[in-house]
Number of protein chains: 6
Amino acid sequence: MDVAATVDQQSQQDVPFYEPVGNECELFEHAFRQHLPFLLKGPTGCGKTRFVSHMAARLGRPLYTVSCHDDLTAADLTGRYLLQGGETRWVDGPLTRAVREGGICYLDEVVEARKDVTVVLHPLTDDRRLLPLERTGELLEAPDDFMLVVSYNPGYQHILKSLKPSTRQRFVAMSFDFPPPAVERDIVAAESGLPAQQCAALINLAARLRAMKGQDLEEGVSTRLLIYCATLMVNGVSATQAAQATLVEPLSDDADVQEGLMEAIRATFGED
Amino acid sequence: MDVAATVDQQSQQDVPFYEPVGNECELFEHAFRQHLPFLLKGPTGCGKTRFVSHMAARLGRPLYTVSCHDDLTAADLTGRYLLQGGETRWVDGPLTRAVREGGICYLDEVVEARKDVTVVLHPLTDDRRLLPLERTGELLEAPDDFMLVVSYNPGYQHILKSLKPSTRQRFVAMSFDFPPPAVERDIVAAESGLPAQQCAALINLAARLRAMKGQDLEEGVSTRLLIYCATLMVNGVSATQAAQATLVEPLSDDADVQEGLMEAIRATFGED
Amino acid sequence: MDVAATVDQQSQQDVPFYEPVGNECELFEHAFRQHLPFLLKGPTGCGKTRFVSHMAARLGRPLYTVSCHDDLTAADLTGRYLLQGGETRWVDGPLTRAVREGGICYLDEVVEARKDVTVVLHPLTDDRRLLPLERTGELLEAPDDFMLVVSYNPGYQHILKSLKPSTRQRFVAMSFDFPPPAVERDIVAAESGLPAQQCAALINLAARLRAMKGQDLEEGVSTRLLIYCATLMVNGVSATQAAQATLVEPLSDDADVQEGLMEAIRATFGED
Amino acid sequence: MDVAATVDQQSQQDVPFYEPVGNECELFEHAFRQHLPFLLKGPTGCGKTRFVSHMAARLGRPLYTVSCHDDLTAADLTGRYLLQGGETRWVDGPLTRAVREGGICYLDEVVEARKDVTVVLHPLTDDRRLLPLERTGELLEAPDDFMLVVSYNPGYQHILKSLKPSTRQRFVAMSFDFPPPAVERDIVAAESGLPAQQCAALINLAARLRAMKGQDLEEGVSTRLLIYCATLMVNGVSATQAAQATLVEPLSDDADVQEGLMEAIRATFGED
Amino acid sequence: MDVAATVDQQSQQDVPFYEPVGNECELFEHAFRQHLPFLLKGPTGCGKTRFVSHMAARLGRPLYTVSCHDDLTAADLTGRYLLQGGETRWVDGPLTRAVREGGICYLDEVVEARKDVTVVLHPLTDDRRLLPLERTGELLEAPDDFMLVVSYNPGYQHILKSLKPSTRQRFVAMSFDFPPPAVERDIVAAESGLPAQQCAALINLAARLRAMKGQDLEEGVSTRLLIYCATLMVNGVSATQAAQATLVEPLSDDADVQEGLMEAIRATFGED
Amino acid sequence: MDVAATVDQQSQQDVPFYEPVGNECELFEHAFRQHLPFLLKGPTGCGKTRFVSHMAARLGRPLYTVSCHDDLTAADLTGRYLLQGGETRWVDGPLTRAVREGGICYLDEVVEARKDVTVVLHPLTDDRRLLPLERTGELLEAPDDFMLVVSYNPGYQHILKSLKPSTRQRFVAMSFDFPPPAVERDIVAAESGLPAQQCAALINLAARLRAMKGQDLEEGVSTRLLIYCATLMVNGVSATQAAQATLVEPLSDDADVQEGLMEAIRATFGED
């Protein structure tokens, strides 16, 4: 099983753009300073990953991001001996690298991971802050600037999957949601280059589409898709066609639901 | 587990025949230019694969096609160390090859793949466009002319299988359907050599058979099967026998459904 | 997992006996010449395998037969590196051998195979006719005299197992059934040496037993079992005892069903 | 996975005692001479294994017996490369040994085996009589004195497990049951040394206990347990205590059922 | 998978204390002398293991005990090649050791083992008494002083797990239960050092607690736990506290059931 | 599979702070002295792990803690041969290390472990106190100062997971709960540095929140989370915001439940 952790070690100048909504930056920094693990909850594409990137850069720590899935095991996080070019050598997993270097390890959609990851999270998330590596014989003590961050989307129905209370109760936690309209408009404009006024119309449309969530849609339209839509518009695709390809088709396969979404789009941008 | 990706690197002169129906070519090209991943939805044999081949050739990019299935894992896409002739060497998977060379990677029926493929798709489908290869220690940044395309058939009932919203909302998407009659007639004539008039009769028949979908048939008859039928007719098989072998037997095992299909065929071509 | 493919490369003189019922030989030959894959549907022991052997010999092509099962994977068909006598060497699977040599590969009861076989069947069954071997780095193009044939028994209730429409719609297809009485009589006589008149009585009996299918029996009695029965009779076993051992006991474990079958036998042959 | 086949190659003088009940010996011999595979059906401990041993000795063929189970695979029957003392060498499985040497391979409770065993049984049970060994590159043709025998107990409720009709219809089949009283009495006397009169009482008791099958008991008492009981009696255990330990406790854990069985025992032997 | 068999080879002087209740010692010895396998049935902690230890010592045979579980396979019992210090060497499993040395192999809770253990038990438990070791090429014949003993607890509800009749009917069997009060009192006194009078009170209490089984408790209190309780009392823990820690908390997590148990304890020993 | 056991070998001076509630320290010490295994039951974060650390330090024994999970096997506890730097060497698991050194092995949430761990626990928890290591050929006898401690949370609904009575009835057991208010206040104050009066308010709040357990909450708020909350307050986060991030968000994703919790918080600390 491969784990494809991505490492972002940005310089301070490179702090990714993030528009705070409340006290999330302060709370995250307190948790970092007090060595408390952090749990982010919120819908798809609302900016959780961006927020963690922003904080990692602000705090000057490298960031190790892992997208969790059904087959992710403890060894994917800690490391393993690999046969490479005929030789056996130990390769640290992303969690181990974060502990060794004093970075932030971010487990995205942690509820998807297999149950044996708890075995490495538990000793790292109590006052011992330890990461034992049985196979190398090492017992790593997390340095002060190591931090564990996990996230999941509480909007899904995880019948079989959820964090056990004995794991949940080890984290300081926050709920995220889509940014307020003015903030989201600025984000879309900054990322796509679409003029702010057109972005505002898109944000209004997003509000109408998000209101349909729960009835017919599993998830509301994400900020990412709004940026996709704006990008296509900037490049000359008509607003209606751009919206259909980015705000309708990715959200639903149901003809009735699609028609409902298209009505809201036509009401905003008119017929093509 | 083997992954049998096929690579088509055609010269510009070799652009496979594709008859556009709407703005699909423009939208695909915008997505390619703006580095947005693309999702195709539509029924079996309606031309999705042909469309991707066509666009890859038009854009002058090599195409890596992977038919996804229940056991397809991330390593099947990224690559692995193989023991070959007594030596261990790394073999890139089709996705990695597409990233290295700046090609198009097309994952057909992506919902069939195992859940850990999301781990490689996610960092490739946000603004980072990264493909980390833990085992070789590489972190590949996708070049400008890399593009990820995925498809699935929304007509199936995937109770346990579907793209998670957190994955879906990373794609520009389009719905495909069978081509309009005149277009489909020209396609069948061009591929089989059957005269256009006989092809037209076949297209009319296809419309009647497709209307039975949902009641008794899981899928309507595909353009591919129409070409099979026309090919047999060109080679001297009677129209009714050709249609039975290509438009009835491949679609259903149910005697009543088969009789219903045969009635439509006899109404078109008469008894043998 | 082992795959036990059997290879029959008969000379033209050796064409196995097959008595055609309809246009099946012509249709098979058209499919072979036009490079279309072929799907046979029909009950157990009705002669599908014999038909394929016959056609392979008539067309002068080697035949690779694979009995599919729950654990059959793509690698079982394509090949793998094996450790043999301390050395690693690549061993082609039966499908690869058929592609390399231009033969017919016959996958019996293909619905039983695991889902990843679709990954090798799909590129071989569209106009590309390609077999990629990732592990050897080869991309085999099927020669003109390669043909893929698959079969299954639509009479079974496969709740979880069936060919996906996207696979089915790649084949020219035919339904098989038991041969007509006169043909089946000649087959049984030819194979067992029992005089034609006694064979005719056996065929009459088979018709009565087959009529009980669906009510109490999962499958009707096969031509193979009729040959077994005739063989025992030729060797001096009484008709009733031979029929009990070959037409009753192999078909059912239920005492009532067995008694019903025995009544039909006694009505034909009398008490022992 | 280990397969523990036992090989019995007895000389003609050593033919194990077997008392025929009907034409089973003749039918088995016909099947052996005509190269037809054989299927035995019947309850636990009724003498199926003994019958096969007897016939193998009578026909002068070595016997390979395999007790099938949930995890028995094709490789357990055909063989595999084993690392032994640092060297890799091929070790024939019991089926391969029987084919090479012209012996009888007996698969006891064949319905318990995994589905991929059909892959080796099918080509061995049609007119080709072939055993392909992919890994050694051999294609073994079964000699005239090879025979395949399988058995199962139709009395069990195998919801998920049964022979597919396409497998069943490859065998000549017979039903076995417990021997008639006089025969069973002689068997018990011969095996245990208990006088015939006491054995007769035991056989009467067995008939009463077997009549309770289906109501409360999954299986009737086997001939083997009657021999156990007689053996304890010969060694001085009281008849009632011996019967409790061999005819009651092994059959049921239910207090009411046990009491019902004990009543029949006390009625036969009196109180201890 | 590890199998942790423990070997006890005691000298005659070291026969573990066991107080017979009925004819169990004689019956076991008969089975040993006549080479019949033995099945013990009974509740948790009633002395089955102690009885087997006692008999093994009395008969002067080494004892190999294996606690069976969900993943116990045939190879865990027979042995396997292990890589140890860079060399491959065969390591006998506990069953093989018992066969080689003529000892008693005791499979505790045999119904928990995986189904492929039947493959080694069947040839060892019929008149052949054989243990084939495919991987070493050995066919071991069990010596006269080898004995197979298995046990399980019929009080559990094993919906999916039970011995098949074809396995059960190979054993002489006995039911065990808790010892009669006077015997159990002597056992507790001998093991803990608590005066007999206090032990008698404990045995009275045990009878009251065991009467609650089935209503609220899955299992009655075992003799082992009575010894624990007595041991704590000898070391100065109050009777009520000792009973709570050994006779209440290990039996149930339900507050109402615990209160019911505590009432019986307070009625016996008074309040703390 | 990795097992991440953490080893704490503290000097006597380093005894972790633990405030006894009842006779738990005495009972634990009796069990240690009498060689009886110990079972702790209680909710998440109530101090079970701290208690074991405290006792290990008081008794001067090293402590090996293992967080159990779905995939934890016997080999994870006992050890295995590992390939390290090209050489094979045996690495003791945490249980083996505890037995060799005479330490305390603590299996946290033992019901989560796989069933084959019972195979090592059973011989260690009866009077033999043995740990057999099949692979090294060792049979370790536990020294006097070895102790096995296990825990689980009876508050969870473990439909498929529970300790079998045959395992449970091998332990002296105790139920734990959250500490009494005055004790918990002192703990929170000692750990966070928050003045005792503010801690008392927090403890009052905890009582109100815990009263909601069962209706809407799977688990009551743990002492650990109270310490988190106090830590944030000490660092300047407002009481309401700190409580939301530590006592509301980690406990529930349900908006109504969160609002109920927030009401209790606002009633205690007022609006922010």
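Hello everyone, let's start with the salt bridges: the rule finds three of them across the interface of chain B and chain C, a salt bridge being a side-chain nitrogen of Lys or Arg within 4 Å of a carboxyl oxygen of Asp or Glu. One of these joins Lys41(C) to Asp253(B), with the closest N and O atoms 2.8 Å apart.

Before I go on, a word on the model. It is predicted, so local features need pLDDT of at least 70 and side-chain atom pairs count only at pLDDT 80 or more, while totals for chains, interfaces and linings use all residues. Residues are numbered from 1 along each chain as its sequence is written, chains are lettered from A and ligands numbered from 1 in the order in which they are written, and side-chain values use heavy atoms, with hydrogens and water left out.

Back to B and C. Here 48 residues of chain B are in contact with 43 residues of chain C, where contact means heavy atoms within 4.5 Å. The area buried between the two chains is about 3800 Å², and carbon and sulfur atoms give 50% of that. Buried area is the accessible area (1.4 Å probe) that two parts lose on being put together, summed over both.

Which element of chain B gives the largest share of the side that touches chain C? That is helix 9 of chain B, with five residues; helices (H or I, at least four residues) are DSSP runs, numbered from the N terminus. By class, this side of chain B has 17 nonpolar, 17 polar and 14 charged residues. Ala, Val, Leu, Ile, Met, Phe, Trp, Tyr, Cys and Pro count as nonpolar, Asp, Glu, Lys and Arg as charged, and the others, Gly among them, as polar.

How are these two chains related? Chain B can be laid on chain C with an RMSD of 0.0 Å by a turn of 60° and a shift of 0.1 Å along the axis. That is the relation of a six-fold axis. The copies are superposed by least squares on the C-alpha atoms of residues with pLDDT of at least 70 in both.

Now over to chains E and F. In this pair, 47 residues of chain E are in contact with 43 residues of chain F, and the two chains bury about 3800 Å² between them, 50% of it on carbon and sulfur atoms. Three salt bridges are found across this interface. Among them is Arg168(F) with Asp253(E), whose closest N and O atoms are 3.2 Å apart.

Methods. Helix = DSSP H or I, 4+ residues; strand = E, 2+ residues; numbered from the N terminus.
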